[in-house]
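I opened this model to look at its sheets and its chain contacts. My notes are below.

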Protein chains: 4
Amino acid sequence: MELFSQTHAGQYKRKYGNRGRILLKCPDQPGIVAAVSQFLFSHGANIIESSQYSSDPSGGTFFLRIEFDCPDFAGRLAEMRTEFESAAAPFKMEWKITSVTELKKTAIFVSKEPHCLLELLWAWQSGDIVADLAIVISNHENCRKIVESLGIPFYHIPASKENRQEAEEKQQQLLLQYEIELIILARYMQILTKKFTAAHPNRIINIHHSFLPAFVGARPYERAYERGVKLIGATSHYVTDELDEGPIIEQDIERVTHHDHVDDLKRIGRSIERSVLSRAVKWHLEDRILTDGNKTVVFS
Amino acid sequence: MELFSQTHAGQYKRKYGNRGRILLKCPDQPGIVAAVSQFLFSHGANIIESSQYSSDPSGGTFFLRIEFDCPDFAGRLAEMRTEFESAAAPFKMEWKITSVTELKKTAIFVSKEPHCLLELLWAWQSGDIVADLAIVISNHENCRKIVESLGIPFYHIPASKENRQEAEEKQQQLLLQYEIELIILARYMQILTKKFTAAHPNRIINIHHSFLPAFVGARPYERAYERGVKLIGATSHYVTDELDEGPIIEQDIERVTHHDHVDDLKRIGRSIERSVLSRAVKWHLEDRILTDGNKTVVFS
Amino acid sequence: MELFSQTHAGQYKRKYGNRGRILLKCPDQPGIVAAVSQFLFSHGANIIESSQYSSDPSGGTFFLRIEFDCPDFAGRLAEMRTEFESAAAPFKMEWKITSVTELKKTAIFVSKEPHCLLELLWAWQSGDIVADLAIVISNHENCRKIVESLGIPFYHIPASKENRQEAEEKQQQLLLQYEIELIILARYMQILTKKFTAAHPNRIINIHHSFLPAFVGARPYERAYERGVKLIGATSHYVTDELDEGPIIEQDIERVTHHDHVDDLKRIGRSIERSVLSRAVKWHLEDRILTDGNKTVVFS
Amino acid sequence: MELFSQTHAGQYKRKYGNRGRILLKCPDQPGIVAAVSQFLFSHGANIIESSQYSSDPSGGTFFLRIEFDCPDFAGRLAEMRTEFESAAAPFKMEWKITSVTELKKTAIFVSKEPHCLLELLWAWQSGDIVADLAIVISNHENCRKIVESLGIPFYHIPASKENRQEAEEKQQQLLLQYEIELIILARYMQILTKKFTAAHPNRIINIHHSFLPAFVGARPYERAYERGVKLIGATSHYVTDELDEGPIIEQDIERVTHHDHVDDLKRIGRSIERSVLSRAVKWHLEDRILTDGNKTVVFS
């Protein structure tokens, strides 16, 4: 099979060469949209998509995401960033302006179960997910062949409770070397240290195999079976230093019945995990997620 | 049971006294959002919610819905409308500015099956749907008691193929008398004339008991059963002069199996019809629906 | 509106006069189905629907539900029960044979929020739920009118932490007087004593407003909002002496977004609660639920 | 990646060596279940799972599927088949007794879009689908590499309107050579002749990219976009000589909005097609599907 990803990447860059995004959050007050849209208009930009949210119109936080087409965007980007600083300051905005064609450098961490990795690889090859998929890191060897067959470097770093610190140092080195901006834990079954998670705030996306906050921690399918639930789920979230307590990005469920034993729950669950993680990753890559304390604002 | 609707209506008016909405569509071009948001800012208005859509950024139609809070909105509304005319003209906007507390005068048409009517009444009583529910018109008597017990006038107008024109004249007279702005066909089983539908463009919402375009016309559950489908659905749409061909607002489905005979499909279907029609009506009342040819843009 | 329930009840009894059900559980072993189906055949009965489940074919528990039509069933029922005792003994079956037309005497407990009560009343009136709806008991007065208008006795028994025992004694007296077989807690917001729950094992159905085991206990919507979940749910379960820990019968969820504040979650949740409780009650009334330890086997 | 399928196949055969299935349909009458269960009991078999359905208890067709464990099943199978003939004759049963470990010889037909093929390969490798995946036939070359890397023969047979008969003759020859029992059209975009479909009744499973009967025929996503539907779907069905009119096995849908253009519908649709086809194939392979005229009885 030809590498769809390469064809897609080329088409994508040609199609979206002038496409940019503004993301911001700031204290809510009148005039924000007027200021930002006036700024864009002054550059001849056309707003393609705009989403906003206020946690509380009288004194909360305002969130904005705008996608726009701007003539000669690549040439103009640096200047726009400088200029936007002045517009942003009086509103105390946290903001960024990005180019849609600057693909995010991404690493996938995986352990033995390959279903989430395979789904991401497939979505990437078919152009559903647009990223610079730089490396895959695993504490097992079994996925090497499929990863390398797609031209992606595969690193085997043994990891367990015993060598956690050493393993993370090797991982960290690779992340620096490849300038990784997003880490996807695609069923990576090792717990990360606080040092590691603190180094990548809102840049590590995990898939947990339950509808959180039910079944935090280990063996969620076994515990779901024990409890006799009629729905099982999966949750994708940013990783923080509290296990399974980070901001939730996406969740989904499937029905199960008394006929479904633990193995069935795992089989059904794999399908949920695949789609939930894919959606969360896609939204992150498209700059659709802003964090609001321990919650997410998802402009999907 | 006390009439929740009255309590809710009072609370609602106090809470949203300064809340307004702008809805517009016009040819897409840069500067629209800047102009509208500058207009709102000049009146001290704070944007609460904003949604936009462009059918095609290079030359399509642009759709915008903004909900805002504006100090002394009631006093200022007439002036704002006059002033917005100047902002709107160069963009060739079709637009309206509405006050959230001017409830839409609404009529429900119903035949013998009461489930959709009862759902709407319940949603209205509990404050989920906010409307000035002015009249219920039926070609049967069986729902009179429940309607009148809520203080809503009930009109029995016999209607059938034979007296269609005469019945519609009586209906039309009531619609004028009560200044009705929205007609809900809550399983009203009579076909309307072209004259009637043409008099209320995008103001008649119907619930059809299939996932259109499957099973247009009569007896959809029977035909779904014959075809052996594994999903049944319902569709809410604006009524045009082509039967079941108007712009679709909302659809939903439920799973069925070989065990479900026609009566089961009808029972399951009633539940879908109730929720689909409710959502469509809620969105219309909140000015969340704009039409784009024979399609809808729903800012839900 | 005429009382559909009365029409439906009459039709139902005429249609299903010869319809019976066998429910049983016993240690799994070969020959159970052969023995039961031979028993039914010897009475000229035709099996209409049959469902079975084994928790573990090598030494687990076997569950069976059969619905059958038997000529002169009413006349034959007592004899069948006596005779089945001999078939059941060697298999150590727990079993019952019921007549579909012996409607279960049912009580609904409700507090102030009427949405679940109204849904049950509607389902009962329209024939979707077939029960002998004997009484409604509430610690508030606000639902009296709608209940009494349907000809159902309504009892107001004030209940709070302070008078729990006294209130339960009054409730218990009514349950005895009306020979109640099923108690539905339709958003009844008082905690029941162990004495009360122990007196009605697998005969009290509750609706909890979260997807258990997430958000056990009070204020689940508030806590769901705080956690930032993307799905909210409801769970119907049999009540045991451990709060929200009884066997789960049915669960469902709806999607929510960052736009949905606590009030929105409650509004969306009401719709889930209504359908989840209705389904659980329907299945119980149709003898479709068997318990397996703290889980349910639902032959839906 | 190691070939999971091989490990799984071995485990599967060891685990289910004594597992068999009876499938039958016949005119409904009392005594069928008694006869079949007595037959199984006389062989010492334990019923693991049993599902039945009657299209109409008074004179319709009765459908039964039983999964059982029988000591020394392989040795006993031929004898059981002979003996069952006598039990079946008085009831005019169409029936078969199968061994769970006789995997069905399966061919996949695919055109250019690989997503359904890849999903099936993945499900097969991971043991979710248990089949003897004998060959893949395509009118394109692009999937050869992935198929052959799994050790499955890949045949490229150019096919178009012009050479339909010639192509089908080559396909037919391969199907005979490999003794194929199931043909899966995994987005195979050629129309089959009546001769071909008639040769494989209820043995060709297709995935159509709409919720049938909406959008029969070509370009369903384009037509769904034009109609402005709010749900798109996919349908898996047995192929008959009427295009898209065969018995429906499974359907599913996803929500779409006005934001989704044709390309988005196709992307979202791919995900639905994958899961719908997988489920249909899994059920067929597990002998869970019986046909009832132009409908299916699915004992899932």
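**Ground rules.** I am working on a predicted model, where local features need pLDDT of at least 70, side-chain atom pairs count only at pLDDT 80 or more, and totals for chains, interfaces and linings use all residues. Residues are numbered from 1 along each chain as its sequence is written, chains are lettered from A and ligands numbered from 1 in the order in which they are written, and side-chain values use heavy atoms, with hydrogens and water left out.

**Sheet of chain A.** I first traced the strand order. Chain A has an open sheet of seven strands, ordered S7-S6-S5-S8-S9-S10-S11, with mixed pairing. Strands here are DSSP runs (E, at least two residues), as are helices (H or I, at least four), numbered from the N terminus. Two strands pair if DSSP finds at least two bridges between them. Strand S7 (154-156) and strand S11 (248-255) of chain A are the edge strands, each pairing on one side only. From one strand to the next, the twist averages 15°. I then checked one pair inside the sheet. Strands S5 (residues 105-110) and S8 (residues 182-185) of chain A run parallel and are joined by four bridges. A:Phe109 has A:Leu185 in S8(A) as its bridge partner. Helix H9 (residues 262-285) of chain A packs on this sheet and touches S5, S8, S9, S10 and S11 of chain A. Its direction makes about 150° with that of S11(A). Axes are lines fitted to C-alpha atoms, for helices over the stretch in contact, and angles run from 0 to 180 degrees between N-to-C directions.

**Chain A against chain C.** Next I looked up the contact (heavy atoms within 4.5 Å). Chain A gives 35 residues and chain C gives 35 residues. The two bury about 2900 Å² between them, with 53% from carbon and sulfur atoms. Buried area is the accessible area (1.4 Å probe) lost on putting two parts together, summed over both. I count six salt bridges between chain A and chain C. A salt bridge is a side-chain nitrogen of Lys or Arg within 4 Å of a carboxyl oxygen of Asp or Glu. One joins the side chains of A:Arg255 and C:Glu250 (3.1 Å, N to O). S11(A) gives the most to the side of chain A that touches chain C, with seven residues.

**Sheet of chain C.** The seven strands of the open sheet in chain C follow the order S7-S6-S5-S8-S9-S10-S11, with mixed pairing. Strands S7 (154-156) and S11 (248-255) of chain C each have a single partner strand, so one side of each is left without a neighbour in the sheet. Strands S8 (residues 182-185) and S9 (residues 204-208) of chain C run parallel, joined by three bridges. C:Leu185 stands opposite C:Asn206 in S9(C).

**Chain D against chain C.** Here 18 residues of chain D touch 18 residues of chain C. They bury about 1600 Å² between them, 58% of it on carbon and sulfur atoms. D:Pro30, D:Asn46 and D:Gln52 lose the most area in chain D, together 30% of what that side buries. I find zero salt bridges between chain D and chain C.
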